[in-house]
Amino acid sequence: MATAAIFSSLRRRRSPSLEAFLAPVDLTDVALVQTLVSVSTELVSCFSGKSLFFQRKNSRSLIRKIEVFVVLLEYLRDSGAGSALSSTTVVCFKELYLLLYRSKILLDCCVQSSKLWLLLQNHTISGHFHDLNQEISTLLDVFPLDDVELSEDVREQIDLMQKQSRKATLFIDKDEEDLRVRFFSFLDEFEKGNIPNLVDLKLFFVEGLGIKDAKSFRVETEFLEEQIVNHEGDIEPTASVLNGFVAIACYCRFLLYGFEENEVELQIGNRKMLRKGLISQEIAETFITVPKDFCCPISLDLMRDPVIISTGQTYDRSSISRWMEEGHCTCPKTGQMLMNTRLVPNRALRNLIVQWCTAHGIPYDPPENTDSSVEAFAAAMPSKAAIEANKATATLLIHQLARGSLGAKSVAARGIRLLAKTGRENRAFIAEAGAIPHLRKLLSSTNSVAQENSVTAILNLSIHDKNKSKIMNEKGCLGSIVEVLRFGLTTDARENAAATLFSLSAVHDYKKRIADEEGAVEALAGLLRAGTRRGKKDAVTALFNLSTHTENCLRMIDAGAVTALVGALGNEGVAEEAAGALALIVRQPIGAMAVGGEETALAGLVGMMRCGTPKGKENAVAALLELCRSGGTAATEKVLKAPALAGLLRNLLFTGTKRARRKAASLARVFQRSENYSLHFGGLGAGYAFAGDSAPNRESSFANEVSLPVSISVPVL
């Protein structure tokens, strides 16, 4: 989708400049005319036959003007007059090139946008058409017709278009405006706590907008949600108002078309279809070059999550984070010292990147767990209208969960899942309305779609703290979640069950109950060993939470969790959390014995100290320290003999995080008391003394600290 917003940014020439989107095309006169013929002809062929639901008159008027340009350009090409153009004519044609590009974006917007979005943007988009008409009028006023040899009929068509463009005024279709006002009236009704009349809703959505099935409703709501996410506050109507319209559309979807839907259409996951390009590849290549402003100065790749550092420079989050983790404290581009390590999201640039990629049919996958998640933004400051509409929707959904057919229950579970994704208020009233018992029953369904939707709905509900107790106190619910984790019908269902256990285990009183549930820890360990990347992340964070309860140590050893955690030390995506969990487990002698008995444990922890992230190194040295303390002389001697540990400790004493240095200093003291200290660690004294001076007598206060990345959160799916 190419939104009107990108058109605005091009028209207004905001930063990044227009040249960032369209690099100057260095073409000869003949090639320039031929390119213009191809682009304009392509636009006419693509859009002249389109039956637009909105902006019909404005789009037809623009296309007719482009058709006249086609006549002019084809004449110049065929007559040979295009081979000797004046410099003024060339400048005008280059401006026409950009004008055609902006026309393509605006027409794309009208063709590919949802009906509700076009309706809400009626004034804005009409204004864009008027602006284009004014630009055409200006272009024709300065175009040197006398410098170009034209036939009489071509000149007459140009003169006529010039006169029409001068007289044209802003046109807003009255029927479309009446529909827009009607839509806002529904918002006002919900704002007052009233549900609009069913007949009025049907007349508006079915007769007025032609939305005649549940799938079309879903497309409409998903499109509006996408606008809220992509614009992140720079949007009109505001995100709060748009959330109200999304809630109304969701309610009307279930109210008007019920819950029976093709099961294939309910498959979990956002399937982003790459839209077919509207300009031929040959022509598109003349202006599809990734703008320099959109590329990370470090990786030189298109940025997925641009962030601003203290020097004011923008980098992709993953690249600059890796730079900082490697110990650098300067800006890669300017060489300036960093005042702090804070990364501020560059939302304006990310929006432009998204819009540029969409306009060119280039797939763009937003990063997971950005600094403010999609759901947090979408749920910010929900309007009263959105809350009331969502409550009405929840009532319909829960009724179907209780009494509907299996197909209807599956649709309703998906509706609950999506509704619980968008804010604390929704999660609270869904649970209060009694959804959890019905979702629990659906966990044992033999229908994979129903099972996946129900476990994901419970996961989303569990994020609200008060709902955790409702889930844990629902008879059989924990057991059913574990059954999905063990034997779920889809990979996503099993992974989301693991994420649910992670969410529930945030409450200390539930850690023991979860660990004692038959098969829970074994299944988490299995997912950590053989799951997908996301599955391993869900499993390791759940195991970390469980390991913080001292009574779970033996259970985790018996269930094979320790072996799985040791194996995860070699996996970059989960190594930090695995080391953190092991650092907690080895505090107990039985845990230290189990970890010490793993052949690869010591090598894995030492390896993390060598090339892990700063937090990973911190957790690794903490695990080694606790292993020595709880494992006795044999464990200490084994750690002491680890190759290269002296050098790694020395480096950590000088370059590690504050807590890592203290852990390393404590470990150095342990070795200093060893009989073989001088043999193995003779060169450690200076570094130890340096670290020791910075934190005297504080060993015990940091002995129980284990670091887990603050970015870890329960996913909203």
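Predicted model: local features only at pLDDT ≥ 70, side-chain atom pairs only at ≥ 80, totals over all residues.

Reader: What share of the residues is buried?

Author: Of the 717 residues in the chain, 53% are buried. The accessible surface of the chain is about 31,500 Å². Carbon and sulfur atoms account for 51% of that surface.

Reader: What can contacts say about the chain?

Author: Look at how far apart the partners sit in the sequence. Take the contacts with a separation of 6 or more: 74% of them join residues 24 or more positions apart.

Reader: Now the strands. How do strands of a sheet pair?

Author: Strands of a sheet pair through backbone hydrogen bonds, either parallel or antiparallel. In this model, 3 strands form an open sheet with antiparallel pairing, in the order 2-1-3.

Reader: Which are the edge strands?

Author: They are strand 2 (314-316) and strand 3 (344-345), and each pairs on one side only. Strand 1 (residues 306-308) is joined to strand 2 by 3 bridges. Look at Ile308: its bridge partner in strand 2 is Thr314.

Reader: Which helix packs on the sheet?

Author: Helix 14 (residues 317-325) does, and it touches strand 1, strand 2 and strand 3. The direction of helix 14 makes about 95° with that of strand 2.

Reader: How do I read two helices that pack together? Take helix 9 and helix 17: at what angle do they pack?

Author: Helix 9 (residues 174-191) and helix 17 (residues 384-403) pack at about 80°, and their axes are 7 Å apart. Angles of 65 to 115 degrees count as roughly perpendicular, so helix 9 and helix 17 are roughly perpendicular to each other.

Reader: Which residues make the contact?

Author: Helix 9 brings Leu187, Phe190 and Glu191. Helix 17 brings Lys384, Ala385, Glu388 and Ala389. By class, this contact of helix 9 with helix 17 has 4 nonpolar and 3 charged residues, with no polar ones.

Reader: One more helix. Why is helix 29 largely enclosed by the rest of the structure?

Author: Count its buried residues. Helix 29 (residues 561-568) has 8 residues and 6 of them are buried, so helix 29 is largely enclosed by the rest of the structure. The buried ones are Ala561, Val562, Ala564, Leu565, Val566 and Ala568.

Reader: What covers the buried residues of helix 29?

Author: The cover includes helix 26 (520-530), helix 27 (533-547) and helix 28 (553-558). It also includes helix 30 (575-585), helix 31 (589-596) and helix 32 (601-611).

Notes. Residues numbered from 1 in each chain as written. Heavy atoms only, no water. Axes fitted to C-alpha atoms, helices over the stretch in contact; angles between N-to-C directions. Helix = DSSP H or I, 4+ residues; strand = E, 2+ residues; numbered from the N terminus. Parallel < 35°, antiparallel > 145°, perpendicular 65-115°, else oblique. Contact = heavy atoms within 4.5 Å. Nonpolar A, V, L, I, M, F, W, Y, C, P; charged D, E, K, R; others polar. Pairing = 2+ DSSP bridges. Buried < 20%, exposed > 50% of the residue type's maximum accessible area, 1.4 Å probe, protein only. Areas by Shrake-Rupley, 256 points an atom, 1.4 Å probe, with all protein chains shown as cover.
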